[in-house]
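Please look at the sequence and the structure shown here.

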Amino acid sequence: MSLEGKLVSEINIKCDGDVFHEIFRHRPHHISTMSNDKVQNVDIHEGEWGTVGSVIFWNFTHDGKEKVAKEIIEEIDEEKKLVKFKVIGGDILDYYKSFYLTVHVETKGEDNLVTWILEYEKLNEDIEDPHTLMKFCLDVTKDIETHHLTGKLVSEINIKSDGDVFHEIFRYRPHHISSMSPSYIQNVDIHEGEWGTVGSVIFWNFTHDGKEKVAKEVIEEIDEEKKLVKFKVIGGDILEAYNSFYLTVHVETKGEDNLVTWILEYEKKNCNVPDPHTLMEFCLNVTKDIETHHLN
């Protein structure tokens, strides 16, 4: 029975293939922020990031155990978007006489195919093939993809109108917003449930980026103490670009000051989808219109 082996796995990612390759070549020390339950730390021990011959030290969690690996970059191929690592120390060599990891990306249009290749020689025939290490590599790949597709925008704006009334509008009377901000909101209807209750489904007709659009949202959360309402988008134009989209609006009142905070949390369908800055601007403009309506 041969002690040498090779595992190959492929996975499609929606984030940018050039960015993915650049992470493993130049910025592996950033992976701990993208996949922190699997990779805790990455340091360079010799050489410079992104160069053949540089020595990298990994702290990671595999099979429920904290482990380390010392690797040298054996090969870099920019045309193939390929980086090959040779393990020269750490826990992996407790089981394998030699171990190599190669990761490369093939980009065709919007498709980015990541291929992982593990090549190894076991210390003895009782050692298992490193299928769990391959799964580890694929799971880290998914985490990096998710990191680049998910995002969060937060904006604050002070209003001079009553904070309690502002919160009450978004909780109980969103159907009144069309009379306060008609250039942005044309109509708001309730499709299921009752106004002001968690689980109620609301349908919005609005104008964004110069286009008439619709959004179907469910109220996910209401917090009266924080004057907070959280909406989850479950249908409409927004979901053409995003797999998930949440909008949270809450008001903090201190004396005569009322600070409105908008939070947009989202997952893009692919890396070409822009962050929703224009939707955040839309929310802030609606906020200003509501303020102006009550001050007048």
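Predicted model: local features only at pLDDT ≥ 70, side-chain atom pairs only at ≥ 80, totals over all residues.

Cys15 takes part in no disulfide, and the nearest cysteine sulfur, that of Cys271, lies 6.8 Å away. Cys15 is buried, whereas Cys271 is partly exposed.

| Residue | Relative accessible area | Class |
|---|---|---|
| Cys15 | 2% | buried |
| Cys271 | 29% | partly exposed |
| His62 | 8% | buried |

The sheet is considered next. In general, the strands of a sheet pair through backbone hydrogen bonds, in either a parallel or an antiparallel manner. In this model, seven strands form an open sheet in the order 8-14-13-12-11-10-9, and their pairing is antiparallel. Which strands are at the edges? They are strand 8 (150-159) and strand 9 (185-192), each of which pairs on one side only. From one strand to the next, the twist averages 25°.

Within this sheet, strand 13 (residues 242-254) and strand 14 (residues 257-268) are antiparallel partners, joined over 12 bridges. Opposite Val249 stands Trp262, a residue of strand 14.

Two helices may now be described in relation to the sheet. Helix 3 (residues 131-149) packs on the sheet, where it touches strand 8 and strand 14. The direction of helix 3 makes about 25° with that of strand 8. Helix 6 (residues 277-295) also packs on the sheet, and touches strand 8, strand 9, strand 10 (201-208), strand 13 and strand 14. The direction of helix 6 makes about 20° with that of strand 8.

The last topic is His62, which belongs to strand 3 (residues 55-62). Is His62 buried or exposed? The relative accessibility of His62 is 8%; since buried means under 20%, His62 counts as buried. With which residues is His62 in contact, leaving aside its neighbours within four places in sequence? These are Lys67, Thr132, Leu133 and Phe136. With Thr132 there is also a polar contact, made between the side chain of His62 and the side chain of Thr132 at 2.9 Å.

Key. Residues numbered from 1 in each chain as written. Heavy atoms only, no water. Pairing = 2+ DSSP bridges. Helix = DSSP H or I, 4+ residues; strand = E, 2+ residues; numbered from the N terminus. Axes fitted to C-alpha atoms, helices over the stretch in contact; angles between N-to-C directions. Contact = heavy atoms within 4.5 Å. Buried < 20%, exposed > 50% of the residue type's maximum accessible area, 1.4 Å probe, protein only. Polar contact = N/O pair within 3.5 Å; in protein donor to acceptor, adjacent residues only side chain to side chain. Disulfide = S-S within 2.5 Å.
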